[in-house]
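Hello,

Here is the structure I promised to pass on to you. Please open it next to this email and follow along.

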Amino acid sequence: MEHYPGGRSVLVDPMGVVEADRGLESGARTLEASLETVDRVRELFPMFRQRRL
């Protein structure tokens, strides 16, 4: 991925995988979040269970 000194929209999942990259184009993009991926990431990174209140 190249660096551009302006607006650029990229959707990256918690594991660092680029899910969508609009580049320098204008517009919008929607994606559905996989609940399986959310559960897997929460198991790998249990930060909310480790927080102190």
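This is a predicted model: local features need pLDDT of at least 70, side-chain atom pairs count only at pLDDT 80 or more; totals for chains, interfaces and linings use all residues.

Residues are numbered from 1 along each chain as its sequence is written, and side-chain values use heavy atoms, leaving out hydrogens and water.

The mean pLDDT (the predictor's confidence in each residue, from 0 to 100) is 79 for the chain, with 85% of its residues at 70 or more. Confidence is highest in helix 1 (residues 35-44), at a mean of 87, and lowest in helix 2 (residues 47-50), at 74.

Now the layout. The chain has 2 helices and 2 strands, in the order β-β-α-α along the sequence. Helices (H or I, at least four residues) and strands (E, at least two) are DSSP runs, numbered from the N terminus.

Strands 1 and 2 pair in the antiparallel sense over 4 bridges; pairing requires that DSSP finds at least two bridges between two strands. Valine 12 has valine 18 of strand 2 as its bridge partner. Their hairpin has 5 residues between the strands, and glycine 16 there takes a positive phi near 90°.

Methionine 15 lies in the loop between strand 1 (9-12) and strand 2 (18-23). Of the 53 residues in the chain, 8% are buried.

Happy exploring!

How values were computed: Buried means under 20% relative accessible area, exposed over 50%, partly exposed in between (1.4 Å probe, protein chains only).
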